[in-house]
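Hi everyone, thanks for coming. Let me put the structure up, and then I'll walk you through the two ligand sites.

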Amino acid sequence: MGKVDPAFIQEPEHRPRISHIEGEGFPLIDLSPLHSNNVSAIEGLVKEVGKACKEWGFFQVINHGVPLEKRQKIDSDSRKFFEQSLEKKRKVRRTEKLVLGYYDTEHTKNVRDWKEVFDIAVEEPALIPASPDLDDKEITELYNQWPEYPPELRETCQDYGQEMVKLACKLFELIALSLGLPADRFHSFFKDHNSLIRLNHYPPCPTPELALGVGRHKDGGALTILAQDDVGGLEVKRKDGEWVRVKPTPDAYIVNVGDIIQVWSNDKYESVEHRAMVNSEKERFSVPFFFNPAHYIMIKPLEELTNEQNPAKYRAYNWGKFTASRRRSNFQKLNVENLQISHFRISD
Ligand code: OGA
Ligand code: NI
């Protein structure tokens, strides 16, 4: 990734601003009431989560209950993996059949991202439809690929994945309560969840003003929990349209509403655009956990949240088929836009 290939260059309107704006008022939520039985503290927490989902679609959490050692372990194993030669990393490269593993060719909105990644399914085998074709009922089993080095990566990721699932379930209980629903309203969707851990490495970039680590996008799943290191670079599009930087907070996780919550909540909570900047001096690491429902789940606005005055804004779609379609377009460079939830929007 030495010289800047034109494939990495963003259109002028999507280039980052080097002097960035810090996200003043970006919500920081203390989850300690979850570990107590204090009813009024939990009520306060539910309100905070609801407000953050509505006003930002993003928030940071502290006192989340994830042991710091587990985060440090995945961070150090990720560094060890990416430090290796390209030749070693390519031994666990993803292919059209083996869709999990290493790759450094991701494009977001047809511009190449300045990053390399390693994808891991949390539950193995991960089940997804063999093709996006609605008539094709075949289901594929996806297996992880594990590198020789570092040898403990598998165990580290399994441990970390379990912690993330626990945290995601707690967050979903808060989100359910904030929408006036029973705490366990979302549980059944995640029984055979299809979640993913991604190790991201953003190498230093000689032209950070022209490229992005990850181009602007929304997360297509239900909820994302991101661990970023102390370098910083994540930017979120605030509701007023301004891109603002999320300042790294030690041991905090960044949580964001994905497209599926937007549909379930019938647009009450919107999935927000974000992107990652790179810089010319420091490499950066991040670890998103994408919490996704089972492949067979049909995604549609929850009945409790719709009525005659507020009719469903989306037609139902199948999560497995949606993700299979995204995967296909990730792999083959198609000259069509990725499948988006807006394609299921019912026009007024
Ligand atoms: C992503 C993402 C941001 C980051 O991988 O979907 O938004 O800071 N990453 O790495
Ligand atoms: Ni994202």
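So, ligand 1: β17 gives the largest share of the shell around it, four residues. Before going on, this is a predicted model, where local features need pLDDT of at least 70, side-chain atom pairs count only at pLDDT 80 or more, and totals for chains, interfaces and linings use all residues. Residues are numbered from 1 along each chain as its sequence is written, chains are lettered from A and ligands numbered from 1 in the order in which they are written, and side-chain values use heavy atoms, with hydrogens and water left out.

Back to the shell. Both β10 (196-202) and β17 (284-291) supply at least two residues each; strands here are DSSP runs (E, at least two residues), numbered from the N terminus. Among the residues surrounding ligand 1 are Asn200, Leu226, Arg284 and Phe290.

Now the polar side. Tyrosine 202 has a side-chain N or O atom 2.6 Å from an oxygen of ligand 1. For histidine 274, a polar side-chain atom sits 3.0 Å from a ligand 1 oxygen, and for aspartate 219 that distance is 3.3 Å. The protein buries 96% of the 290 Å² that ligand 1 exposes when taken alone (Shrake-Rupley method, 1.4 Å probe).

Which residues coordinate the nickel ion, ligand 2? His217 (NE2), Asp219 (OD) and His274 (NE2) do, at 2.1 to 2.2 Å. Donors are N, O and S atoms within 2.8 Å of the metal (3.2 Å for Na, K and Ca), and with water not among the atoms, sites may look incomplete. In sequence, the donor spacing reads H-x1-D-x54-H.

Technical notes: A residue is near a molecule or strand if one of its heavy atoms lies within 4 Å of it. A polar contact is a pair of N or O atoms within 3.5 Å; within protein, one must be able to donate a hydrogen and the other to accept it, and residues adjacent in sequence count only if both atoms are side-chain atoms.
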